[in-house]
Amino acid sequence: MIKEKNIVRWLLSGVPLLFLLLFFIAPSLIIVFTSFRFPGEFGGLAPLIAPMGTVDVEHGLTLEAYQFFFSDTLYVRVFIKSLQVAVVTTLICLIMSYPLALLIARSKERLRNIMLLLVVLPFASNFLIRIYAWVIILDPESALSYFINLILNLVGISPVIFLFSPFAVLLGMVYVHLPFMILPLYINLEKHDPILLDAAQDLGASHWKCFWYITWPLSISGVSSGIVLVFISALGMFAVPDILGGTGDILIGNLIKDQFISTRDWPFGAVLSIMLALTILLIIGLGAYFLRRLRKRNYAT
Amino acid sequence: MRHSHSKLWIAGALVYIFLYTPLAIVVIYSFNDSKLNTEWVGFTLSWYEALFNNKEMLIAVCNSLIIAISSSFGATILGTMAGLAIHRYKLRVLSILFFAPIAMPEILLGVSLLLFFLQVLNLTLGMVSIIIAHTTFCIGFVAIIVKSRLQDMDESIFESARDLGASSWQCFHLVTLPLIMPAMVAGALMSFTLSIDDFIITFFTKGVGDPILPIQIYTMIKVAVTPEVNAISTLLMLLTLFTIIIGIKLSSSFLYVRKNNEST
């Protein structure tokens, strides 16, 4: 009996564990290993051990790719720009999602399910199509562009092209990430007890005060999980700038993609991926640290 | 209270408009009788016709369906096992490992799998590599759903089954499995839509041979935008809508059966 229990235990945890060790942990380690190799002459990787009969072939391990990353400020600049875009995207998502999440959470149950479904539906439609839709809307010859430029013309401002601009990238980023913010916010806000707000109002607190002293502090855990979801995904995004951005709107994701698809400089691509992972870990770590300090301070008062 | 509620309604309505306008425009232009996506000319179904005559696109749809079905099947089995293991044995390492693929940017998962397949496994990229990649990132989603379902359940059900003399296999097969079935179905459907929808991981783990739907769409958008893209988009929206409705119907029918069982 005990034996059977043990077998079940090993099977249940062992099989999925093995799968993920093989296809998640091992690949992650391979990235680290690749970052210390030489790039191959025709893309890919140079051999670890020099082939027989050749002398001047690069082989073995090196820090070259790391040196290359820091040799030019270009790459660091792209990282900083990607961080800015990710932060702004996250903030806009938060500002847009909060009222809607609050509204859904405070609606009657029947209505609530329909409203939630309406949030999830566009999320379920194809990712590329959601980006592509903005190509149609922002096209220089589209009705919207025409209308806006007509107004700008009246005021005396020269026409603006929206497509392939940083503005288009930001718009697309917000659009594809919005549900990532709405859902965790809703899950949190839905648990709030309305009695708290009633009590505060009976004691004469204004709407704003109710929000600032009750709803907002209680929703911090929902807010932070929304921020984490949007931020991580936004920082590694390459499809949005690829489709909606111009040549100057490259983000980390595009850099990484290019190293593996067009330039085929694998070691440098691996270095960029590691830098992306480290940036995310650092920022999430810092965020968690400040959140904990904030909590402690709140408990103290 | 009423006053602030109406402000919320306005803000919420604006977000819904923001969410739906782009999709509505794609659907409308899929019926537009013009090669350009700029103005409405007249109603036509010719883009759908062109789509159904596009052999490569049809193969891509079939390939993507095969990938989605296989990977959601794999992810459901592995994810259910993972969910059960996390719930029963409360191993922190296990849950961190299972959920990590969800928490990292998809591009990193794509790149690392690309390097792994080519360097270590010496695998020719293609359908198999995509199926493995999709399974990897879907496991966590299934595990979360199954685990939260298990958490909501009353432990005493299992204890009473044991007390009544059920073997551990009977206990699993007759009690646990029917109870977590809705979660497994939800997980499978979620994996299916995630897989059909996924572009980033597919982009890195795809081979040169077989056309895959998201990659076909990507080339259409990047290289030659024709309203055919609108038509395939509309059909895909219908497919996901259909999957979601099935999901809701199935899970509510499971609930219905359970309620009936409870009342008798």
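**Entry 1: confidence**

In which helix of chain B is confidence lowest, and in which is it highest? I looked this up before anything else, as the model is predicted. Confidence in chain B is lowest in helix α11 (residues 228–263), where the mean is 73. It is highest in helix α9 (residues 200–205) of chain B, at 90. For chain B as a whole I noted an average pLDDT of 82, with 92% of the residues scoring at least 70.

I then turned to chain A, where the mean pLDDT is 83 and 95% of the residues reach 70 or more. Among the elements of chain A, helix α6 (residues 143–155) has the lowest mean pLDDT, 77, while α3(A) has the highest, 91. For the complex, the predictor gives an ipTM of 0.83 and a pTM of 0.85.

**Entry 2: the make-up of chain B**

I asked how many helices and strands chain B has. I found 11 helices and 0 strands. Read along the sequence, the pattern of chain B is α-α-α-α-α-α-α-α-α-α-α. I recorded that the C-alpha trace of chain B spans about 70 × 65 × 35 Å along its principal axes. Of the 264 residues of chain B, 41% count as buried. I also looked at contacts in chain B between residues at least 6 apart in sequence, and 80% of these join residues at least 24 apart.

**Entry 3: a helix pair in chain B**

At what angle do α6(B) and α8(B) pack? I found that helix α6 (residues 127–152) of chain B packs against helix α8 (residues 168–197) of chain B at an angle of about 155 degrees, and that their axes are 9 Å apart. Because of that angle, α6(B) is roughly antiparallel to α8(B). I noted the crossing of α6(B) and α8(B) as right-handed.

I next listed the residues that meet. From α6(B) they include His134(B), Cys138(B), Phe141(B) and Arg149(B). From α8(B) they include Ile180(B), Ala183(B), Met184(B), Gly187(B) and Leu194(B). By class, this contact of α6(B) with α8(B) has 12 nonpolar, 4 polar and 1 charged residues.

**Entry 4: where the two chains meet**

I asked how many residues each chain brings to the contact. Chain A gives 59 residues and chain B gives 61 residues. On the side of chain A that touches chain B, the elements giving two or more residues include α1 (2–34), α3 (73–105), α10 (220–235) and α13 (266–300) of chain A. Of the elements on this side, α1(A) gives the most, with 19 residues. I sorted the side of chain A that touches chain B by class and recorded 41 nonpolar, 12 polar and 6 charged residues.

**Entry 5: two residues of α7(A)**

Is Leu185(A) buried or exposed? I located Leu185(A) in helix α7 (residues 166–189) of chain A. Leu185(A) has 25 other C-beta atoms within 10 Å, and therefore counts as buried. Residues up to four places away in sequence aside, Leu185(A) touches Ser97(A), Tyr98(A), Ala101(A), Ser219(A), Gly222(A), Val223(A) and Gly226(A). I also noted Ser221(A), which is 36 residues from Leu185(A) along the chain, with 8.6 Å between their C-alpha atoms.

Pro179(A) is also found in helix α7 of chain A. It is buried, because 20 other C-beta atoms lie within 10 Å. Leaving out residues up to four places away in sequence, I found that Pro179(A) touches Val119(A), Val120(A) and Phe123(A). Pro179(A) and Val120(A) are 59 residues apart in sequence and 6.9 Å apart in space, C-alpha to C-alpha.

I placed Arg110(A) in helix α4 of chain A. Arg110(A) is exposed, because it has 8 other C-beta atoms within 10 Å. From Arg110(A) to Ile214(A) I noted 104 residues in sequence and 26 Å in space, C-alpha to C-alpha.

My last entry concerns Thr263(A), in the loop between α12 and α13 of chain A. Why does Thr263(A) count as partly exposed? It has 14 C-beta neighbours inside 10 Å, so it falls in that class. Thr263(A) and Phe42(A) are 221 residues apart along the chain, and their C-alpha atoms are separated by 9.5 Å.

Definitions and conventions:
Residues are numbered from 1 along each chain as its sequence is written. Chains are lettered from A and ligands numbered from 1 in the order in which they are written. This is a predicted model: local features need pLDDT of at least 70, side-chain atom pairs count only at pLDDT 80 or more; totals for chains, interfaces and linings use all residues. Axes are lines fitted to C-alpha atoms, for helices over the stretch in contact, and angles run from 0 to 180 degrees between N-to-C directions. Helices (H or I, at least four residues) and strands (E, at least two) are DSSP runs, numbered from the N terminus. Angles under 35 degrees count as roughly parallel, over 145 as roughly antiparallel, 65 to 115 as roughly perpendicular and the rest as oblique. A crossing is left-handed if the near helix is turned anticlockwise from the far one by less than a right angle, and right-handed if clockwise. Two residues are in contact if their C-beta atoms, placed from the backbone, lie within 7 Å. Ala, Val, Leu, Ile, Met, Phe, Trp, Tyr, Cys and Pro count as nonpolar, Asp, Glu, Lys and Arg as charged, and the others, Gly among them, as polar. A residue is buried if 20 or more other C-beta atoms lie within 10 Å of its own, exposed if 12 or fewer, and partly exposed in between; C-beta atoms are placed from the backbone. pLDDT is the predictor's confidence in each residue, from 0 to 100.
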